[in-house]
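Student: Before we talk about labels, please show me the model.

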Amino acid sequence: MADIDTDIKQMIITELELEDIEVEDIDTEAPLFGEGLGLDSIDALELGLALQKRFNVKIDANSDQNKEHFRSVASLREFVLAQTAS
């Protein structure tokens, strides 16, 4: 699990150009939006595109579950694992 967590954290840093943040600075369970990393809706779009490209997953733009999938690195990991297992 640590490797995919690290991959997701590195992807977030790289794709969103978070220059002052290291992989170790991102808590796996912490919220990505609002009080956590402080990401916004534009970041969510960029992150979604990066996830699709990096992990070959499909994200339904109209899904009510997207907010939960993008809640934290841990929830993104579970989403990616569920998508790649099927």
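The questions below take up the terms applied to this model.

Tutor: This is a predicted model, in which local features need pLDDT of at least 70, side-chain atom pairs count only at pLDDT 80 or more, and totals for chains, interfaces and linings use all residues. Residues are numbered from 1 along each chain as its sequence is written, and side-chain values use heavy atoms, leaving out hydrogens and water.

Student: What makes up the secondary structure of the protein chain?

Tutor: The protein chain has 4 helices and 0 strands, where helices (H or I, at least four residues) and strands (E, at least two) are DSSP runs numbered from the N terminus.

Student: Why is the protein chain called as compact as a globular protein of that length?

Tutor: Its radius of gyration is 12 Å, close to the 12 Å that the globule rule gives for 86 residues, so the description applies. The radius is taken over C-alpha atoms, and the rule is 2.2 Å times the number of residues to the power 0.38.

Student: Why is α2 called oblique to α4?

Tutor: Helix α2 (residues 41-55) and helix α4 (residues 73-85) pack at an angle of about 40°. Angles under 35 degrees count as roughly parallel, over 145 as roughly antiparallel, 65 to 115 as roughly perpendicular and the rest as oblique. That makes α2 oblique to α4.

Student: Why is His-69 called buried?

Tutor: His-69, in helix α3 (residues 66-69), has a relative accessible area of 18%, so it is buried. Buried means under 20%, exposed over 50%, partly exposed in between (1.4 Å probe, protein chains only).

Terms used
Axes are lines fitted to C-alpha atoms, for helices over the stretch in contact, and angles run from 0 to 180 degrees between N-to-C directions.
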